[in-house]
Amino acid sequence: MTRNVRIGLLGCGNVGGGLVTLLGERREQIRERHGIDLEISSVLVRNGEKKRRGVDPEIITTRAADVFASDPDIVVELIGGVEDAARFVGAAIDSRRSVVTANKALLAAQGSEVFARAKRHGVRVGFEASVCGGVPVIRTLRVGLAGDCVESLTGILNGTCNYILTLMEEGQSFEDALAKAQELGFAEAEPSLDVDGHDALQKLTILSAIAFGGVPAGEVQLSGIRGVTLRDVRRALREGRVIRHVASSRIDDGVLRLSVRLELLAAGDPLAAVRYENNALVVRARAAGELTFLGRGAGALPTASAVLADIIDIAQAA
Ligand SMILES: NC(=O)c1ccc[n+]([C@@H]2O[C@H](COP(=O)([O-])OP(=O)(O)OC[C@H]3O[C@@H](n4cnc5c(N)ncnc54)[C@H](OP(=O)(O)O)[C@@H]3O)[C@@H](O)[C@H]2O)c1
């Protein structure tokens, strides 16, 4: 028997639009394979006049209340930012609806409150898309390694920084590489969240909470990539090494240590081979050993793939 599951979609930009496209392609297979028919009941945007490919204009609204009035089973938050997103996610949870979000800024700032609230109301929060886009690292840490003990996480979590460093290896200046990243839509017009390391730290904070939850946090080391020059990059290459912006966390003396900084890596290091906008995560676990994940950490369809996986997971469990 097929069960109808209604989705209230908050935001129809890059990722929201990607979700609409992917659901359009996959709806029939999901119905056959999982016995659930996923239907978007309402879509919240800021600009209600703009046409959205694949979306019936009748269900587009600029009022969040309309989304809740459309009686969704799951609310999918893809507007970004913290304040409005927190309000809408809170309202969804309070009305006993599970939430799926890609919003690392919200989770890094208010994750514990969001999860505690969801627990109180007996609903779930899916957030696979918030770190490493289409690479399922959160599910791996939560489910795949549930019986193991994670010892360290080391990764390249910001595709924009990695893209800039790769272009610098090809001879472009920092400024030209950043402009190219902005032209291709990898970097925001105001790029400090990426290039100063805050985005990578937000993602590392989310992953570390899953891997090492409950361990008291110690000092955080944070630096970005603005100071890197072409001379630095060339000198590293001459020495057979590469410069990468590396996020890592581990427990040291009972304290969780987080660091996001530039590192000189030997050519054989798994992270040295990560180029352009790709993301990677190396997990060291006591029993499983070293696991490496590599893939597209952003973009409409990779991120929508993770969002849709969470929707299916939650819809099936309901
Ligand atoms: N882009 C990626 O590759 C990527 C990867 C991983 C995670 N994420 C996360 O996914 C989320 C969405 O990112 P995105 O790139 O899709 O953003 P985006 O392209 O800017 O889209 C945001 C959407 O939300 C709507 N919106 C924003 N604020 C709103 C508000 N206060 N009320 C109503 N509607 C509002 C916008 O409406 P209008 O269209 O009318 O402006 C737009 O449709 C963010 O949390 C981001 O960090 C993105």
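## Helices on the sheet

Helix 10 (residues 230–238) lies across strand 9 and strand 10, and runs at about 85° to strand 9. Helices (H or I, at least four residues) and strands (E, at least two) are DSSP runs numbered from the N terminus; axes are lines fitted to C-alpha atoms, for helices over the stretch in contact, with angles from 0 to 180 degrees between N-to-C directions. The model is predicted, with local features requiring pLDDT of at least 70 and side-chain atom pairs counted only at pLDDT 80 or more, while totals for chains, interfaces and linings use all residues. Residues are numbered from 1 along each chain as its sequence is written, and side-chain values use heavy atoms, with hydrogens and water left out.

Six strands form an open sheet in the order 8-10-9-7-11-12, with mixed pairing; two strands pair if DSSP finds at least two bridges between them. Because strand 8 (217–222) and strand 12 (289–296) stand at the edges, each with a single partner strand, one side of each is left without a neighbour in the sheet. Direction ignored, neighbouring strands of this sheet are turned by 20° against each other on average.

Helix 6 (residues 159–169) also packs on this sheet, where it touches strand 7, strand 9 (241–252), strand 10 (255–266) and strand 11; contact means heavy atoms within 4.5 Å. The direction of helix 6 makes about 150° with that of strand 9.

## Strand 11 and its partners

Strand 7 (residues 150–156) and strand 11 (residues 278–285) run antiparallel and are joined by six bridges.

Asn279 stands opposite Gly295 in strand 12, and a hairpin of three residues joins strand 11 to strand 12.

## Ligand site

Polar contacts are pairs of N or O atoms within 3.5 Å. A polar backbone atom of Val15 is 2.8 Å from an oxygen atom of the ligand, and a backbone N or O atom of Arg46 lies 3.0 Å from a ligand oxygen atom. From the side chain of Lys104, a polar atom lies 3.3 Å from an oxygen atom of the ligand. The protein covers 78% of the 900 Å² of accessible area that the ligand has on its own, by the Shrake-Rupley method with a 1.4 Å probe.

Technical notes: Polar contact = N/O pair within 3.5 Å; in protein donor to acceptor, adjacent residues only side chain to side chain.
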